[in-house]
Amino acid sequence: MPSELEDEDIKVSVVVQPDTGLDPEELVAYCEERLPRSMVPRYVEFIDALPRTPTDKVAKYRLRAQGDGGITPTTWDREASNP
């Protein structure tokens with residue numbers, strides 16, 4: 001994702017198993033413990049399925065084209081939730 005302050009912000013699109021609860025804060029906390037700071041996602045979005053190309057690869061361009069540059073009304077923003 002393009003960023004106002006840095007080169008880019010990280011967004012993850014997560015497909016969660018049915019009847020499994022996952023909170024965006026929990027996911028980011030897990031990432032903060034295991035990843036370098038520059039790789040921790042700012043944006044988290046839970047989706048039903050990843051879009052696929054005819055060759056069954058993930059169609060990342062479709063994820064980027066959603067909403068405003070990949071940000072949709074259901075996208076969770078780490079910075080907006082932690083003022």
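Where in the chain is confidence lowest, and where is it highest?

1. **Confidence.** This is a predicted model. Confidence is lowest in helix α3, residues 78–81, with a mean of 85. Confidence is highest in α1, at 95. Over the chain the mean pLDDT is 86. Of its residues, 90% reach 70 or more. Keep one rule in mind: where pLDDT is low, the predicted coordinates should not be read in detail.

2. **The sheet.** Look for an open sheet of 3 strands. Their order is β1-β2-β3, and the pairing is mixed. The edge strands are β1 (11–15) and β3 (76–77). Each of these edge strands pairs on one side only.

3. β1 pairs with β2, residues 43–47, in the parallel sense. This pairing runs over 5 bridges. For a landmark, find V12: it stands opposite V44 in β2. In general, strands of a sheet pair through backbone hydrogen bonds, either parallel or antiparallel.

4. **The helix across the sheet.** Helix α1 spans residues 24–34. α1 lies across β1, β2 and β3. Relative to β2, α1 runs at about 125 degrees.

5. **The core.** The largest nonpolar core has 7 residues in all. They are V14, L27, V28, C31, V40, V44 and W76. α1 gives the most to this core, with 3 residues. As a general point, nonpolar side chains tend to be buried together in soluble globular proteins.

6. **W76.** W76 belongs to that core. Which residues does W76 touch, not counting residues up to four places away in sequence? W76 touches P24, E25, V28, R42, Y43, V44 and S81.

How values were computed: Residues are numbered from 1 along each chain as its sequence is written. This is a predicted model: local features need pLDDT of at least 70, side-chain atom pairs count only at pLDDT 80 or more; totals for chains, interfaces and linings use all residues. Side-chain values use heavy atoms; hydrogens and water are left out. Two strands pair if DSSP finds at least two bridges between them. Helices (H or I, at least four residues) and strands (E, at least two) are DSSP runs, numbered from the N terminus. Contact means heavy atoms within 4.5 Å. Axes are lines fitted to C-alpha atoms, for helices over the stretch in contact, and angles run from 0 to 180 degrees between N-to-C directions. A nonpolar core is a set of buried Ala, Val, Leu, Ile, Met, Phe, Trp, Tyr and Cys residues joined through side-chain atoms within 4.5 Å. Buried means under 20% relative accessible area, exposed over 50%, partly exposed in between (1.4 Å probe, protein chains only). pLDDT is the predictor's confidence in each residue, from 0 to 100.
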